[in-house]
Amino acid sequence: MSALMLSETVTPKRQPLMRATGVSKSYGETIGCLDVSFTLNPGEVIGIVGESGSGKSTLLNVLSAQLSPDIGTVEYDLRHKGMSDIFRLSEPDRRRLMRTDWGIVHQNPRDGLRMDVSAGGNVGERLMAIGARHYGEIRAEGLDWLAKVELNASRVDDKPRTFSGGMQQRLQIARNLVTRPRLIFMDEPTGGLDVSVQARLLDLLRGLVRELGIAAIVVTHDLAVVRLLADRLMVMRHGRVVEEGLTDQVLDDPHHPYTQLLVSSVLQV
Amino acid sequence: MKSMISVSALSKEFVLHTQGGARIPVFDRLDLEVAAGECVCLHGPSGAGKSTLLRSLYANYKPSSGHVRVVHGKDVVELGSAEPWQVIEVRRRSVGYVSQFLRVIPRVPALEVVAEPARLAGVPDAEAERRARTLLDRLNIPQRLWGLAPATFSGGEQQRVNVARGFALDYPILLLDEPTASLDAANRQVVVALINEAKARGAAIVGIFHDAEVREAVADRLFEVTAYRRDAA
């Protein structure tokens, strides 16, 4: 038997990182999302797919505490308190959670970056928000992260508005990951980017998420994105989750009529 | 010998909702046991359901009914009812799968593609890479290609990278979907040697091999998938 053969496998007990139960949110007569429940484990990447108006962005906004649900709960494993309903936290506690343990990567980098602050500042600001004070260390960490997202160190003092869309998106990712969050939310992370730039960004995200063991919830309409990034998939339509499971299982053996339509509508290249 | 895969009363039927709800029954109440150190060749004409069965053993396809049990460390996991994270763990450590085609990941170099499964299973980087180099070398992938992403490789080269990836970790269970399809005779022999080495260390192997020579060199028995058609006697 070679040394590589792992003869013992201990089934680890899983303590969930986040649990959503019966989450619904509507806007007057218009349904956002309806009765969504799931459990996210640490280090797990969940993809949420569906056409525009399916409720996936509403769901993401609720899960990331940017929007309150009408009914239902979202619990998160707080570092010192365990599973807690995020909408019952005090405002300062929720802000601290969002700033330290979470990251939010917006579709439009302008929503997630400070355009009038240098690239290095955008990253360093996050570190200062969690208590870093040593200028040299903040700058070093900032440069390290620019390198990780493949931005040239010579651009550290430039403002993001002088960057291309792909560079801005990578900077936004650095800004979000520098505090080592346990969970990141991503809304169409490759939306609006050239295909060649998308591939680079996806590969980068894939590497970082695996290397750091970060859990992620990724909303996209692009099935190729979830195929590459997500362990699990939820397919949404008219506000409801119509199918969920392992990503490759849902994409290769879809059962719900809508999922079948979605998968069969993708042009093969 | 110890049973590593146990399939019982497995049925699979596809329902195509986009095509008027057409039903395509593939197999019905299929049973299969595969022991450690054994290589079972799925047999039958094109469309018999060989790939469907192989994919069901990897939980890539979901059974309509029945069970697929695989040995996972000290546990036995039933793939149909397992949580997604459990299936991911089973795939990470216990069940390897070589698909017909390499799913290319943009920008990731061949060496990294091959070393990745071992690294994800917790093998130290240096050891995973050493193993990847050995496999790429045995499969005659020129060293100048190792640092390049396989997207631009020829079909045969991509398939050999895929095979190397599948053998990068000593999985207790290996599923092989036509691993020699686009390979020349010399490389077919390398794959035959890899399979026989895996058998010798006790791996349970299920494969689809169209090439008669390869089949004879590796298979201990043939398994006729068509015997489990609903219309079969």
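Start by selecting Ile138(A), Gly142(A), Trp145(A) and Leu146(A), the buried residues of helix α5(A). The model in the viewer is a predicted one.

Now look down the axis of α5(A): these buried residues fall within an arc of 105°, so they line one face of the helix. An α-helix has 3.6 residues a turn, so residues three or four places apart point the same way.

Next, show the whole of α5, residues 135-148 of chain A, and check its length. At 1.5 Å a residue, its 14 residues should span 20 Å, and the end C-alpha atoms are 20 Å apart, which agrees.

Turn to the face of α5(A) that points away from the buried side. Select Gly136(A), Glu137(A), Ala140(A) and Ala147(A); these residues are exposed.

Step just past the end of α5(A) to Glu150(A), where phi is positive, at about 65°.

Move on to α4(A). This helix is mostly covered, with 8 of its 11 residues buried. Select Ala119(A), Gly120(A), Gly121(A), Asn122(A), Val123(A), Gly124(A), Arg126(A) and Leu127(A) to display the buried residues of α4(A). The elements covering them include α5 and α6 of chain A.

Finish at Gly131(A), which follows α4(A) and has a positive phi near 110°.

Technical notes
Residues numbered from 1 in each chain as written. Chains lettered and ligands numbered in written order. Predicted model: local features only at pLDDT ≥ 70, side-chain atom pairs only at ≥ 80, totals over all residues. Helix = DSSP H or I, 4+ residues; strand = E, 2+ residues; numbered from the N terminus. Expected span 1.5 Å × (residues − 1). Buried ≥ 20, exposed ≤ 12 C-beta atoms within 10 Å, placed from the backbone. Arc of directions from axis to C-beta. Contact = placed C-beta atoms within 7 Å.
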